[in-house]
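Please read them with the sequence and the coordinates open beside you.

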Amino acid sequence: MRLVLIDDESTVRENLKILLNMYTPHAKVVGEASGVQEGLTCIKLNHPDLVLLDVEMKDGTGFDLLAMYGKIDFKLIFVTGHNEYAIKAFKYSAIDYVLKPIDPDDLKAAIGKASEHFDEQELNLKVSNLVGNKNTVNEQQNVILKDAENVYLVAVEDIIRCESEANYTKFFLSDGRKLIISKTLKEYDQLFAGQSFFRAHQSHLINLNHFDRYEKKEGGIVYMKDGSVLPVAVRKKEALMIRLQSL
């Protein structure tokens with residue numbers, strides 16, 4: 001696998017080369033660059049299979065480079081500092097990233113995933129979503145969802161609720177669609193944290209923007225605007241009341 005490293009910190013690039021040599025000997029670094037313009041030239045000259053791309057550089061961002069390059073025909077892993085907002089943006093778009101300082105296991109896992117099947121159209125959709133989300137507030141963002149056969153671009157505000165099905169999550173959308181995604185409900189509870197979502201029950205994550213009413217019974221029952229009727233765990237009742245009062 002031919003790699004290009006683009007990062008404005010020479011120490012990061014050197015560390016990456018050491019780690020790649022130690023843990024992924026099949027990956028060969030064929031070029032490196034310290035900024036957007038230099039990186040653009042490096043990619044065009046070397047035709048890499050994979051680019052490890054810094055987010056913030058002195059002459060711009062990794063997003064600027066991708067916009068200048070056009071249609072992406074290489075695999076991509078972002079390298080970024082520990083920033084909660086940035087990490088959530090990558091997760092929303094299902095794009096691989098490694099955090100600085102770079103953990104060898106994280107890098108090895110990311111390279112391993114990059115060695116799998118490459119869908120150019122899918123990656124370009126993910127990057128487009130990442131760039132689009134970058135300047136929007138949470139409720140106006142889109143999230144990439146994948147099932148066995150399709151990749152979906154879904155507006156967060158259109159998600160009515162999520163329901164656990166073993167190691168899968170079923171999404172109920174405002175247009176009536178139901179998508180079954182091979183990730184756990186816990187993962188989406190964490191992904192949507194800080195937004196209008198509430199884990200009402202072990203099996204149910206609801207979008208309070210689609211909440212209709214709450215009926216008091218034991219833990220209680222939630223009625224959603226699409227007609228869904230869902231249980232509320234007893235231990236979640238007080239937290240739900242607090243969230244509803246803050247809307």
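1. For the helix packing discussed below, an axis is a line fitted to C-alpha atoms, taken for helices over the stretch in contact, and angles run from 0 to 180 degrees between N-to-C directions. The model under discussion is a predicted one.

2. Helix α4, residues 84-93, packs against helix α6, residues 120-134, at an angle of about 140°, and the two axes are 8 Å apart. The crossing in which α4 passes α6 is right-handed. On the α4 side the contact is made by Tyr-85, Ala-89, Phe-90, Tyr-92 and Ser-93, while α6 contributes Lys-126, Asn-129, Leu-130, Asn-133 and Lys-134.

3. Following α4 comes Ala-94, which has a positive phi, near 55°.

4. Which parts of the chain does the pair of Tyr-92 and Phe-192 link? Tyr-92 belongs to helix α4, whereas Phe-192 lies in the loop between α7 (185-191) and β13 (197-201), so that the pair, whose members are 100 residues apart, links distant parts of the chain. The ring centres of Tyr-92 and Phe-192 are 5.9 Å apart and the ring planes stand at 85°; because planes over 60 degrees apart count as edge-to-face, the pair is assigned to that class. Tyr-92 has a relative accessible area of 0% and is therefore buried, and Phe-192, at 0% relative accessibility, likewise counts as buried.

5. The structure holds eight aromatic pairs. One aromatic cluster is formed by Tyr-92, Phe-171, Tyr-188, Phe-192 and Phe-197.

6. Two placements of a charge over a ring deserve a look. The charged end of Arg-161 sits over the ring of Phe-172, at 3.7 Å from the ring centre, and the charged end of Lys-236 sits over the ring of Phe-198, at 6.0 Å from the ring centre.

7. Is Glu-187 buried, partly exposed or exposed? This residue, placed in helix α7, has a relative accessibility of 38% and so counts as partly exposed. The C-alpha atoms of Glu-187 and Thr-169 are separated by 9.4 Å, the two residues being 18 residues apart along the chain.

Definitions and conventions: Residues are numbered from 1 along each chain as its sequence is written. This is a predicted model: local features need pLDDT of at least 70, side-chain atom pairs count only at pLDDT 80 or more; totals for chains, interfaces and linings use all residues. Side-chain values use heavy atoms; hydrogens and water are left out. Helices (H or I, at least four residues) and strands (E, at least two) are DSSP runs, numbered from the N terminus. A crossing is left-handed if the near helix is turned anticlockwise from the far one by less than a right angle, and right-handed if clockwise. Contact means heavy atoms within 4.5 Å. Rings of Phe, Tyr and Trp (its six-membered ring) pair if their centres lie within 6.5 Å; planes under 30 degrees apart count as stacked, over 60 as edge-to-face and the rest as tilted. Buried means under 20% relative accessible area, exposed over 50%, partly exposed in between (1.4 Å probe, protein chains only). A charge sits over a ring if NZ of Lys or CZ of Arg is within 6 Å of the ring centre and within 35 degrees of the ring normal.
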